[in-house]
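Biologist: Could you show me the model and take me through it?

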Amino acid sequence: MDVFDELLQGVRGRGAVFGRSVLWPPWSLRFTDGAYLTLCLPMRGAGWIVPEGGEPLRLSSGEAAIVRGPAPFTFTDDPARLDDPTVGVREVHWQDEAPPPSGPGPELACPTVLLAAAYDVHAEVPRRLLQALPPALVVPDEDDCGPLRDYLAAQIGGARPGHQIVLDRLLDWMLVCTLRDWFDRPEAEPPRWYGALGDPVAGPAIKAMHDDPAHPWTTAELAARAGVSRTTLAKRFTELVGDGPVAYLTEWRMTLAADLLTGPDLTVAAVARRVGYADAFGFSAAFKRLRGESPTAYRRAATATRGESGRKTPAG
């Protein structure tokens, strides 16, 4: 599996966490629910994304924005008006039903229509990449993202069977398109290991470790995969990634283990075997060294966090 696919395959939208706003000026929407990611798509018109404490970013139809939470952010027609206490700001809560269009005319005449989708990302695997995102980013629709927007617009408000799941998956597709286009841009600052994926020496070694993390990889065996000497691999890998291959493998295994520990079906010993450790003792020592707490303590805290999130899940 492609590493980018592997990292994002668990990021999924759910039907209750998207909304459409039909906006007549003056307007300001403040998103306060603390979603890990929010995808903003102006289907018509334009506005400004204003992250908490950040600079405004212009967002127009034909572009997509991703805002990284949990800090609130605002979408407004005029950032200068946010400092005016006499101008109302409408708070957006994903639990609430979308308000009916308001303004001097029908939706077809409305200057701005915003589609937004929220993503609560609890898994550690996608966060390895997503935590490198800036507080807010804007990219134009490129390649296959442009036609996707047209199809997405046609699905909004539909009533055919399966409409909701089709819309969810289209939004997921748009999110991945936007992320892929962002990480290809020169201003993006992806993790060092992400940039090393395209290197002819470090790239094959990283892919091998992702394909089979439980394998007892050695630097010599990874070097053979890349067709270079052990010394060459160790030097090149460290230059590009910042750590040697064995240290990278350990960190990747602990990331996978963190997600496995959030499920109720596997014991700590079973998780250890899944990520390449023969016994729970060695695994627990490595996990605590990198994560600062034992696997059992991590599982307990993650379960409590998921429980709180579940109680706040909005109704569809």
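Modeller: A definition to begin with: the expected span of a helix is 1.5 Å times one less than its number of residues. Helices (H or I, at least four residues) and strands (E, at least two) are DSSP runs, numbered from the N terminus. This is a predicted model, where local features need pLDDT of at least 70, side-chain atom pairs count only at pLDDT 80 or more, and totals for chains, interfaces and linings use all residues. Residues are numbered from 1 along each chain as its sequence is written, and side-chain values use heavy atoms, leaving out hydrogens and water.

Biologist: How far apart are the end C-alpha atoms of helix α9?

Modeller: They are 24 Å apart, which agrees with the 24 Å that the 17 residues of α9 (245–261) should span at 1.5 Å a residue.

Biologist: And how many of the residues of α9 are buried?

Modeller: 13 of the 17, so α9 is largely enclosed by the rest of the structure. Buried means under 20% relative accessible area, with a 1.4 Å probe and protein chains only. For the protein, 44% of its 316 residues count as buried.

Biologist: New topic. How many helices and strands are there?

Modeller: The protein has 12 helices and 10 strands.

Biologist: Which strands form the open sheet?

Modeller: The order is β5-β4-β7-β2-β8, with mixed pairing. Two strands pair if DSSP finds at least two bridges between them. At the edges, β5 (57–60) and β8 (90–92) each pair on one side only.

Biologist: How do β2 and β7 run?

Modeller: Antiparallel: 4 bridges join β2 (residues 28–31) to β7 (residues 73–76). Ser28 stands opposite Thr76 in β7.

Key
Buried < 20%, exposed > 50% of the residue type's maximum accessible area, 1.4 Å probe, protein only.
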